[in-house]
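Here is a short briefing on selected helices and residues of one protein model. Keep the structure open as you read.

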Amino acid sequence: MKKRIFSGAQPTGQLHIGNYLGALKNWVALQEEYESFYCIVNLHAVTLPQDPKVLRQKTLDLARIYLAAGIDPERSTIFIQSDVPEHAELTWILSCIARMGELERMTQFKDKAKGNRERSGVGLFSYPVLMAADILLYQTDLVPVGKDQKQHLELTRDLAERFNRDFGETFKLPEPYIPPVGANIRSLQEPDKKMSKSDENANGSIFLLDDADTVTRKIKRAVTDSGTKITFDENRPAITNLLTIFHLLTGKTNDECEDHFAGKGYGQFKTELAEAVVEFLRPFQEKVREYDDAALDGILKPGAEKARQIAGKTLADAYSKMGIV
């Protein structure tokens, strides 16, 4: 039996090259070895205000991006979170054993509340519990996460352990999978910050649906460090970030990248990086356009049905252990 992985992304904003290199690319590789469940977490999206029409369209667009990235519905289960109501039901159960203090310590809530805790929605406060339900429903072995989400996975394990202790063995304790390279692509404008789809400065991110001219312009404007050498150096985060993108898209090793750009200036480096990104995005974007709504329906509905079969068993077991019939 293959071990099982679960992960998902919110259908908000625009996915960027960092999302691909740090998450989607690894998801595609992991589906070769694991039984994979990849979810479009639209219930998480509504913890902040959304336009309903835009949310629906972005949900479908994200499914297209999953498929274009190489997630194969023959090997992975792809589904929309809201199509599996067990996610919301288990969230309530876990909310009843979660502690206020645990949720108050979640750093992402502090960031998203932006200092206005009293006016923040309850869903924004408790969404780590929904995330825990997402993972625990599928008896997940491995969760691909960035370093900024390790705290949420730790809460998931704490809730699972608490439920198992109080009501009997029910949930598997998931382990994190953090890729060694590419999990933390930085902003092109502020390399001390992670590349973000919610960045107010659009020049900081290369979005997966950006056209060639936009990509080239953003890379030409990317900040660099002092000095002239094009090498991987933790003390020069801007150049290291750009080199990491080039390394991951071209498949060249770190040494090969440094040798390739030895003696070349930043202008030549940025030109070649822009060409590499454009050449990657062109076929990717063509694949995105291949999937119409009918094709998506033929993938997402069976995915939700398979997900419900597993999630339903887990939820029924949790209900039974708690005496809910």
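The axes of helix α4 (residues 86-95) and helix α7 (residues 122-136) come within 8 Å and cross at roughly 120°. The model is predicted: local features need pLDDT of at least 70, side-chain atom pairs count only at pLDDT 80 or more, and totals for chains, interfaces and linings use all residues. Residues are numbered from 1 along each chain as its sequence is written, and side-chain values use heavy atoms, with hydrogens and water left out.

- Two packed helices are described by the angle between their axes and the distance between the axes.
- Axes here are lines fitted to C-alpha atoms, for helices over the stretch in contact, with angles from 0 to 180 degrees between N-to-C directions.
- α4 and α7 are therefore oblique to each other. Oblique is what remains once angles under 35 degrees (roughly parallel), over 145 (roughly antiparallel) and 65 to 115 (roughly perpendicular) are set aside.
- On the α4 side, the contact (heavy atoms within 4.5 Å) is made by His87, Leu90, Thr91, Leu94 and Ser95.
- On the α7 side, Val129, Leu130, Ala132, Ala133, Asp134 and Leu136 take part.

**Helix α3**

- Helices (H or I, at least four residues) and strands (E, at least two) are DSSP runs, numbered from the N terminus.
- α3 covers residues 52-69, and its 18 residues should span 26 Å at 1.5 Å a residue. The expected span is 1.5 Å times one less than the number of residues.
- The end C-alpha atoms of α3 are 26 Å apart, which agrees.
- Aspartate 51 caps the N-terminal end of α3, with a side-chain oxygen 2.9 Å from the backbone nitrogen of lysine 53.
- Glycine 70 follows α3 and has a positive phi, near 115°.

**Helix α13**

- α13 covers residues 293-322, and its 30 residues should span 44 Å at 1.5 Å a residue. Its end C-alpha atoms are 41 Å apart, which agrees.
- Just after α13, glycine 323 takes a positive phi of about 85°.

**Two single residues**

- Threonine 77 lies in strand β3 (residues 76-80). Threonine 77 is buried, with a relative accessible area of 4%.
- Leaving out residues up to four places away in sequence, threonine 77 touches Ser36, Phe37, Tyr38, Gly303, Lys306 and Ala307.
- Most residues other than glycine have a negative phi.
- Glutamine 139 has a positive phi, near 50°. Glutamine 139 sits in the loop between α7 and β4 (142-144).

Key. A polar contact is a pair of N or O atoms within 3.5 Å; within protein, one must be able to donate a hydrogen and the other to accept it, and residues adjacent in sequence count only if both atoms are side-chain atoms. Buried means under 20% relative accessible area, exposed over 50%, partly exposed in between (1.4 Å probe, protein chains only).
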